[in-house]
Amino acid sequence: MRKIIVVLSWLSFLFCDENKEEYLPKIFNKNPSFLGDKVSYNELSFILPNNLKRISQEQLEELKLRTDSVDNKFYDATLIDVFESSDDIYGFSLSKVNEKSLMTVKNDNYLKMLVESFNTENVYRLKFLLNDIPTVQFQINHPEYIELKLFLGYQNQIFLLDFIIDRKIFYDKIPFIESTLSTIAIN
């Protein structure tokens with residue numbers, strides 16, 4: 001449904017399409033000294049933070065088995081890759097979500113499920129364009145760590161970047177995370 005609003009101070013028109021949701025661009029700081037190796041997949045690429053490394057194939061397969069058995073009523077995801085720091089207090093994973101629209105995670109039911117699942121009231125949701133990619137981000141504040149879930153939607157595909165950072169070092173790692181996010185590209 002389209003609304004037309006006319007303001008008669010000099011005759012201005014404002015057109016709104018209520019069915020189209022707007023994502024405003026968000027620009028992240030990029031510091032090359034925080035970046036390491038470039039990682040590319042068929043659909044997505046980015047540059048890793050310089051303090052993260054890919055886990056072994058054996059560890060990845062074990063994690064895939066564990067995450068496949070998790071019952072999630074909102075979306076089905078396939079774990080693609082996992083990266084971690086040498087001290088195991090910081091890392092992230094990349095998954096492909098088997099949904100065609102970000103509506104699955106943008107609704108309030110998903111937010112409520114996160115609050116209940118993680119037993120916290122501190123879950124924050126943002127939506128923005130990340131390098132022209134519609135993105136929905138959740139920040140989940142646990143007592144010991146902070147989790148950032150970024151759902152990237154592009155042409156009927158959704159990717160999930162899931163950062164988990166020890167709460168004590170969260171603010172120190174923000175420049176690393178922002179630098180990586182600034183490099184995300186759809187191939």
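Tutor: A charge sits over a ring if NZ of Lys or CZ of Arg is within 6 Å of the ring centre and within 35 degrees of the ring normal. Keep that in mind for this predicted model.

Student: OK, which ring does Lys26 lie over?

Tutor: Phe128: Lys26 lies over its face, at 5.9 Å from the ring centre.

Student: And what about Lys173, which ring is under that one?

Tutor: Lys173 lies over the face of Phe176, with 4.7 Å to the ring centre.

Student: Is Phe176 buried or exposed?

Tutor: Phe176 has a relative accessible area of 12%, under the 20% cut-off, so Phe176 is buried.

Student: How many aromatic pairs are there?

Tutor: The structure holds 13. One of them is Phe34 with Phe176, whose ring centres are 4.3 Å apart; the planes are at 45 degrees, so the pair is tilted. Phe34 is in the loop between β2 (12-17) and β3, while Phe176 is in helix α4, 142 residues apart.

Student: What kind of pair do Phe138 and Phe151 make?

Tutor: Their planes are at 90 degrees, so the pair is edge-to-face, with 6.1 Å between the ring centres. Phe138 is in strand β9 and Phe151 in strand β10, 13 residues apart. Both residues are buried.

Student: Which residues do ring pairs link into a cluster?

Tutor: Tyr41, Phe46, Phe83, Phe92 and Phe163.

Student: Changing topic. What sits in the loop between β9 and β10?

Tutor: His142 is found there, between β9 (133-141) and β10 (145-154). At 5% relative accessibility, His142 counts as buried.

Student: What does His142 touch?

Tutor: Leaving aside residues up to four places away in sequence, His142 touches Phe118, Glu147 and Arg167.

Student: Now the sheet. In what order do the 3 strands run?

Tutor: The order is β3-β4-β12, in an open sheet with antiparallel pairing. β3 (35-40) and β12 (185-186) are at the edges with a single partner strand each, so one side of each has no neighbour in the sheet.

Student: How many bridges join β4 to β12?

Tutor: There are 2 bridges between β4 (residues 44-49) and β12. Ser45 stands opposite Ala185 in β12.

Student: Which strands does helix α4 lie across?

Tutor: Helix α4 (residues 170-181) lies across β3 and β4, at about 155 degrees to β4.

Student: And overall, how many helices and strands?

Tutor: The protein has 4 helices and 12 strands. Of its 187 residues, 41% are buried. Its accessible surface is about 11500 Å², 51% of which belongs to carbon and sulfur atoms.

Conventions:
Residues are numbered from 1 along each chain as its sequence is written. This is a predicted model: local features need pLDDT of at least 70, side-chain atom pairs count only at pLDDT 80 or more; totals for chains, interfaces and linings use all residues. Side-chain values use heavy atoms; hydrogens and water are left out. Two strands pair if DSSP finds at least two bridges between them. Contact means heavy atoms within 4.5 Å. Axes are lines fitted to C-alpha atoms, for helices over the stretch in contact, and angles run from 0 to 180 degrees between N-to-C directions. Buried means under 20% relative accessible area, exposed over 50%, partly exposed in between (1.4 Å probe, protein chains only). Accessible areas come from the Shrake-Rupley method with a 1.4 Å probe; for residues, only the protein chains shown count as cover. Rings of Phe, Tyr and Trp (its six-membered ring) pair if their centres lie within 6.5 Å; planes under 30 degrees apart count as stacked, over 60 as edge-to-face and the rest as tilted.
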